[in-house]
Amino acid sequence: MRFSIDSICLWLKNGRRRTIEFLPGKINIVTGKSGTGKTAILDIFDYCLASSKHTISESIINESVAWYGVRFHIGNKHITICRRSPIGSVVSDEYFLSTIGELPDKPSKNTNETAVKKLLQIEFGIDDRINTPYGGQSIRAGSQLSFRFFLLFCSLSEDIITSSTVFFDKQSQDRYREALPRVFDLAMGIDDAPNILARERRAALEIQLQKLQKRLRTRFENASKSAPELEKLATRAAALGLAVEADTSDPVRALSSAIQEEILSKDKPTSWRGKYQEISAAIYEIDRKIRNLDRFKSEYASYKKTLSETEDSLRPIDVLAESEPSLIRSSAFSSLLEALRDDFSRLKIAIRNRNPVDIQIAEIRRGYEAERLRLRTELQALPIDQEAFKSDRERWMFIGEAKGKLEVFGNTPKVADIDLEGEIRRIEEELEKIRVTDVEERRDLAIRNIEQNAQRLLNQVSSSLENYANYEAIFSYSDKRLRLRKPASMHIENVGSSSNHMFLHLINMLALQELAISNQSAFVPPLIIIDQPSRPYYGDESIQEQELSSSDTSKITSAMKMLNDFVARMINNYSSEFQMIIFEHIPPSIWKGLDYVHLVEIFRDGNALIPSDGASE
């Protein structure tokens with residue numbers, strides 16, 4: 001992502017315009033005395049980018065300014081956003097917007113906050129289909145991500161630069177505290193928009209699939225539970241003349257039809273009695289066929305036994321044939337023996353070639369038994385005798401009871417008509433086509449990358465870390481912050497002193513920015529705005545240079561050199577014009593010889609964000 005701030009503008013109420021200009025690819029430093037408005041520059045940038053609150057000081061600054069503005073470079077565009085100054089704590093909805101970077105002589109409203117946010121969402125590359133994956137107290141699940149969430153990776157305010165626990169701005173606000181873990185993977189290039197959309201589509205389909213499967217299970221369960229009750233009602237409806245016949249295969253349809261068509265006349269002919277006789281006759285016929293099969297099976301068994309016994313009685317013929325050479329033979333004996341041998345051979349062939357009649361009989365019998373069971377079930381559902389309602393009141397009470405049972409046990413026509421199984425198959429087929437990349441491996445690689453980036457920076461400033469000079473960088477993904485581990489141990493150090501905390505903050509933010517740039521993140525601007533990194537050493541403007549490597553001056557010089565080298569590496573290794581804006585008390589001698597440092601202004605001797613001659617009377 002290409003991004004840099006060109007200038008911050010203030011249109012004063014006295015008619016003058018105050019402009020602070022910055023350079024891309026540089027460490028832009030505004031230095032000077034306390035109370036001159038340096039910190040307000042960060043507040044103004046945040047306010048112009050559609051903040052719902054403001055932290056601009058009312059005294060001197062806000063009371064003197066009519067409009068605030070920021071001109072920045074994003075992608076291949078220059079954009080100017082101006083916003084009317086707030087009234088007290090109430091922010092303004094009046095905006096001036098120029099998509100060609102125009103700085104007006106005097107801003108006037110030409111758009112509103114909704115249009116500004118929509119433009120910035122587009123310019124930050126945030127697809128309106130990319131939603132928050134899970135909700136919280138302040139962020140609803142499925143709500144659209146805001147470009148402002150990604151600015152968390154672009155600032156270190158004076159409130160957190162020395163904090164031992166908080167490593168990102170705005171963490172006192174629930175919305176931003178909840179946003180950080182939700183946008184981190186996307187910001188760092190661990191995840192991307194197409195994969196997020198695919199994952200969200202898969203999650204939505206899985207929820208829909210679960211609902212349909214639950215409805216299908218409920219339908220089957222209801223059918224199982226209600227079948228006896230509804231069959232009983234359908235049978236009685238037929239007996240009472242409310243249905244032409246009892247349909248136990250679909251009692252819901254039978255009852256619904258009886259009620260909807262209002263077949264109430266007891267004189268209306270019904271076919272239940274003829275149906276009873278027809279089914280009874282069919283059962284009798286099947287019983288007869290089964291008895292015949294059993295009789296045939298018994299006779300066939302006797303036949304097989306007789307064949308077997310006959311075969312055994314003829315076996316001596318083989319013995320005689322084998323002994324024939326030693327016997328005294330006559331012509332009659334030979335003829336008889338030959339005839340017996342021929343009959344025995346034919347008998348063995350007949351027995352060997354017999355068909356598996358037993359198996360065929362068993363299959364036919366099972367078919368008859370299944371049909372008989374079906375007919376008996378249907379017969380049980382038919383009334384034996386014709387019933388009649390004693391009064392209309394009794395008839396309507398029965399209809400009411402049937403309706404109530406249908407509502408409790410039966411599916412309504414709309415639900416029943418839905419092809420749940422077909423819809424389930426369609427969703428399952430779509431789920432098979434969706435390809436979602438598992439980001440766990442990429443996340444592990446990203447953590448190692450962050451730690452490598454941080455270790456390089458730690459080694460560069462090791463002399464300023466004193467007791468922690470040889471410690472190893474560990475990135476806590478859950479906390480989104482850098483920790484230090486004692487070499488050759490599992491011990492995570494509780495780092496002390498505001499100086500060390502300041503270095504950890506700088507290194508943590510730089511390591512994250514380098515990962516975002518190396519992964520070509522489309523959402524995180526290559527920008528860091530830092531408010532007074534020298535805060536642990538110089539709470540005021542009194543500065544005494546010292547030669548010792550452990551001195552405060554040497555430490556802040558070491559920090560400035562680390563920032564300078566980082567900007568150089570981003571330009572040389574990644575072709576990224578990384579921009580830093582720093583508000584400080586330090587004098588120019590601290591960064592002497594650093595190629596990428598640019599002095600913007602010195603707020604001293606009457607020069608300030610609001611010049612001494614520009615404040616309102």
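How many nonpolar, polar and charged residues are in the lining of the largest pocket? By class, this lining has 15 nonpolar, 16 polar and 13 charged residues; Ala, Val, Leu, Ile, Met, Phe, Trp, Tyr, Cys and Pro count as nonpolar, Asp, Glu, Lys and Arg as charged, and the others, Gly among them, as polar.

The views show a predicted model, in which local features need pLDDT of at least 70 and side-chain atom pairs count only at pLDDT 80 or more, while totals for chains, interfaces and linings use all residues. Residues are numbered from 1 along each chain as its sequence is written, and side-chain values use heavy atoms, with hydrogens and water left out.

View 1. The largest pocket holds about 1000 Å³ of space. A pocket is an open set of points on a 1 Å grid over the protein atoms alone, where a 1.4 Å probe fits, with protein on both sides within 12 Å along at least five of seven lines; lining residues have an atom within 4 Å of a point. Its volume is the space filled by probe spheres set on the points, which are joined across faces, edges and corners. Among the 44 lining residues, Asp46, Arg148, Lys170, Gln173 and Tyr176 lie nearest the centre. Helices α1 (38-48), α2 (113-123) and α3 (174-187) each supply at least two lining residues, and the largest share, five residues, comes from α1. Helices (H or I, at least four residues) and strands (E, at least two) are DSSP runs, numbered from the N terminus.

View 2. Strand β3 (residues 27-32) pairs with β13 over six bridges in the parallel sense, and Asn28 is opposite His598 in β13. Contact means heavy atoms within 4.5 Å. Axes are lines fitted to C-alpha atoms, for helices over the stretch in contact, and angles run from 0 to 180 degrees between N-to-C directions.

**View 3. The packing of α14 with α15.** Helices α14 (residues 498-518) and α15 (residues 552-574) pack at an angle of about 0°, with axes 12 Å apart. They are therefore roughly parallel to each other, a term for angles under 35 degrees. The contact includes Met502, Phe503 and Leu506 of α14 and Met562, Leu563 and Phe566 of α15. Its residues divide into twelve nonpolar, three polar and three charged.

**View 4. The antiparallel sheet.** Five strands form an open sheet with antiparallel pairing, in the order β2-β1-β4-β5-β6. Cys9 is opposite Thr19 in β2.

How values were computed:
Angles under 35 degrees count as roughly parallel, over 145 as roughly antiparallel, 65 to 115 as roughly perpendicular and the rest as oblique. Two strands pair if DSSP finds at least two bridges between them.
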